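Please read this report with the sequence and the model side by side, and follow each named residue as it comes up.

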Amino acid sequence: MIRQPSRHCTVELQAVPARIGHVRRIVSAQLRYWRLDALIDPAALGVTELLANVHRHARPSKHCTVELCVLLDQLTVSVHDEDPRLPRIRVAESWETCGRGLALIAALSESWGVRPDGSGKVVWFTLPALTTPPEEARTVCGYGESVALEDARTRTVAGSHTRIRGTRVG
């Protein structure tokens, strides 16, 4: 029996520093809405690292899509960009100011990976989205109540090229 159906949200953006802050706030708000408050910090940190990689390395375009998907007891966060080059973990020297992003993703996540996708790639990581019965949720972690189904939606955030689409079931 499936106790909690999937929940899904996508955000399309140009990975420039000003937009990365917007996406962090969107991810935080979405996870709060899904009552997954305990995942806000690691998910926002992971998204920031992945978007910083797109900003720094992706060619020819900085256009990307961030996707959040909760299926049963797992949150998957993924970033799709248009650059086919696959990233790899490297060991950064202590004096280097960058080069630790994927190692950080590996450390904070339950699992992570990279896969080619069309003309680009997807970098993803998972976090455990532990669910508890509603009576325990109020005392343990503050989530677990039902959320009504919403139709798919699209909107513009602060006049930017950021689009949010998603359906929420919970």
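## The pocket and the packed helices

The lining of the largest pocket, sorted by class, has twelve nonpolar, five polar and nine charged residues, where Ala, Val, Leu, Ile, Met, Phe, Trp, Tyr, Cys and Pro count as nonpolar, Asp, Glu, Lys and Arg as charged, and the others, Gly among them, as polar. The model is a predicted one, in which local features need pLDDT of at least 70 and side-chain atom pairs count only at pLDDT 80 or more, while totals for chains, interfaces and linings use all residues. Residues are numbered from 1 along each chain as its sequence is written, and side-chain values use heavy atoms, with hydrogens and water left out.

Rolling a probe the size of a water molecule over the atoms shows where empty space is left. A pocket is an open set of points, on a 1 Å grid over the protein atoms alone, where a 1.4 Å probe fits, with protein on both sides within 12 Å along at least five of seven lines, and its lining residues have an atom within 4 Å of a point. The largest pocket has a volume of about 630 Å³, a volume being the space filled by probe spheres set on the points, which are joined across faces, edges and corners. Its lining consists of 26 residues, of which Asn-53, His-57, Pro-87, Arg-88 and Leu-102 lie nearest the centre. Two or more lining residues come from each of H2, strand S3 (74–81), helix H3 (101–108) and strand S5 (120–128), and H2 gives the largest share, seven residues. Here helices (H or I, at least four residues) and strands (E, at least two) are DSSP runs, numbered from the N terminus.

Two packed helices are described by the angle between their axes and the distance between the axes. The axes are lines fitted to C-alpha atoms, for helices over the stretch in contact, and angles run from 0 to 180 degrees between N-to-C directions.

| Helix pair | Angle | Axis distance |
|---|---|---|
| H1 (residues 17–33) and H2 (residues 40–57) | about 155 degrees | 9 Å |
| H2 and H3 | about 155 degrees | 10 Å |

H1 and H2 are therefore roughly antiparallel to each other, a term for angles over 145 degrees, and H2 and H3 are likewise roughly antiparallel. In the contact of H2 with H3, Pro-42, Leu-45, Gly-46, Glu-49, Leu-50 and Asn-53 of H2 meet Gly-101, Leu-102, Leu-104, Ile-105 and Leu-108 of H3, contact meaning heavy atoms within 4.5 Å. By class, this contact has seven nonpolar, three polar and one charged residues.

Leu-108 and Leu-45 are 63 residues apart in sequence and 8.9 Å apart in space, C-alpha to C-alpha.

Two loops deserve a look. Most residues other than glycine have a negative phi, and most peptide bonds are trans. Arg-35, in the loop between H1 and H2, has a positive phi near 60 degrees. A cis peptide bond, with omega about 5 degrees, joins Arg-59 and Pro-60, and Pro-60 lies in the loop between H2 and strand S2 (63–71).

Key: Angles under 35 degrees count as roughly parallel, over 145 as roughly antiparallel, 65 to 115 as roughly perpendicular and the rest as oblique.
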